[in-house]
Amino acid sequence: MNIPKRIASTLINSLKGGVVPRIGLPFITVGRETEISALLHDIDIIADGGATFRFISGKYGSGKSFLLQTVRNYVMDRNFVVVDADLSPERRLQGTKGQGLAAYKELINNMSTKTRPEGGALTLILDRWINNIQSETAAGSGLSYDNPEFISLVEKKIYGVINSLSDMVHGFDFAKLLTVYYKSYVDGNDENKSKVVKWFRGEYVNKTEAKSELGVNIVISDDDWYEYIKIFASFLKKAGYNGMLILIDELVNIYKIPNSITRQYNYEKILTMYNDALQGKAKYLGIIMCGTPQCIEDTRRGVYSYEALRSRLAEGRFGRDDAKDMLAPVIKLLPLNYEEMLVLIEKLAGIHAVLFEYKQTLTQNDLVNFIKIEFGRIGADVNITPREVIRDFIELLNIVYQNPDISVTELLSSEGFEFAKTAVNEDKVIEQEFAEFDI
């Protein structure tokens with residue numbers, strides 16, 4: 001396999017630790033073509049000026065975060081800006097003690113583009129916006145950068161973008177700060193630029209501090225942070241990007257909130273975001289939220305406990321496990337099948353061999369036998385997840401690599417796998433699935 005060692009190391013170490021890597025995903029992407037295709041259709045809608053909202057539902061380890069990161073990489077390649085955050089007890093969509101603002105800060109800190117995929121791209125985006133306008137003006141007018149007429153033309157274009165945002169909620173203050181940033185950029189005043197970026201990141205504690213340093217009598221708060229996200233989406237389009245995608249994972253942390261009123265406030269925020277997307281109140285904006293089936297479908301504590309959301313999101317009468325509606329608001333992740341898992345561990349075996357520089361010794365028989373054993377566990381047909389299979393397989397690879405005298409057949413026949421032998425031998429369905437391999 002032709003893969004850089006740096007990426008191979010990240011993939012193996014992340015997957016062994018049960019964490020989704022941020023780079024190298026195309027090397028291990030298997031299955032999920034239907035889900036990815038549905039989400040990329042949403043991306044086309046966003047690029048055309050629309051807005052979308054999706055939930056991804058799946059068990060722990062089923063591949064929700066992996067799907068999010070895969071989509072994240074796809075859309076950055078298509079000139080989108082991506083912001084992402086994992087919810088936690090300290091980060092929620094709504095709160096009275098800064099939890100909503102904390103979620104906003106995490107989103108903005110993780111703002112990523114193709115040239116800055118690791119996050120922290122806000123300053124880069126603002127500078128690039130001004131640079132692009134200067135370059136376009138210079139190319140169109142033939143004037144030098146220090147020509148007064150050139151400066152006037154650039155300012156006219158800058159203020160054209162800024163003024164177009166003023167009609168949005170909180171748009172006037174947002175536009176005023178963009179003006180401060182532009183003037184600081186031209187003057188070479190990095191301190192003032194940093195202050196504006198600090199404000200955009202939601203780091204000003206009170207209005208007095210913002211007023212004295214920037215001249216604006218407003219700060220981003222728990223209640224209105226989402227309005228600024230919508231302004232950002234419109235600004236990014238004018239700054240030369242195709243749109244903005246918000247990825248929010250670990251929705252289960254809202255489900256775990258003990259206070260029912262606090263949970264309802266968070267679900268009300270989700271309803272606001274959902275309605276904005278579907279009613280055309282937001283532009284160039286996509287939102288994807290991930291959670292377990294329980295945290296979404298539980299009518300006592302989950303998203304469906306908020307009746308206005310349940311009535312919008314609940315599956316209709318025609319949905320079936322073998323005929324999912326991928327255009328519905330909730331995408332339910334099905335387990336990877338035997339063939340897909342076999343292809344995945346085949347890829348992992350190749351990456352592992354590249355990373356540790358050895359000739360791969362595992363045969364097709366070994367890989368198939370491993371999958372048979374994993375899927376032969378009692379209850380595996382409904383409970384097994386890609387995360388479990390991947391961690392087991394990387395452990396197997398590590399042991400074989402470090403102990404050349406131990407064969408794979410010997411390991412698979414050891415006591416650690418003894419519990420699954422009978423189930424494997426009796427599982428006729430699995431045998432049929434792998435009949436094509438002549439084993």
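Which strands does helix H3 (residues 64-77) lie across? In this predicted model, helix H3 lies across S1, S2, strand S3 (244-249) and S4. Helix H3 runs at about 165 degrees to S3. Axes are lines fitted to C-alpha atoms, for helices over the stretch in contact (heavy atoms within 4.5 Å). Angles run from 0 to 180 degrees between N-to-C directions. Helix H12 (residues 260-279) lies across S1 and S4, at about 130 degrees to S1.

Residues are numbered from 1 along each chain as its sequence is written. Local features need pLDDT of at least 70, side-chain atom pairs count only at pLDDT 80 or more, and totals for chains, interfaces and linings use all residues, while side-chain values use heavy atoms, without hydrogens and water.

The protein chain has 21 helices and five strands. These are DSSP runs (helices H or I, at least four residues; strands E, at least two), numbered from the N terminus. The five strands form an open, parallel sheet in the order S2-S3-S4-S1-S5. Strand S2 (81-86) and strand S5 (330-332) stand at the edges with a single partner strand each, so one side of each lacks a neighbour in the sheet. Pairing requires at least two DSSP bridges between two strands. The twist averages 20 degrees from one strand to the next. Seven bridges join strand S1 (residues 51-57) to strand S4 (residues 285-291). Ile56 has Cys290 as its bridge partner in S4.

The protein chain averages a pLDDT (the predictor's confidence in each residue, from 0 to 100) of 85. Over residues 418-439, pLDDT stays under 50. Where pLDDT is low, the predicted coordinates should not be read in detail.
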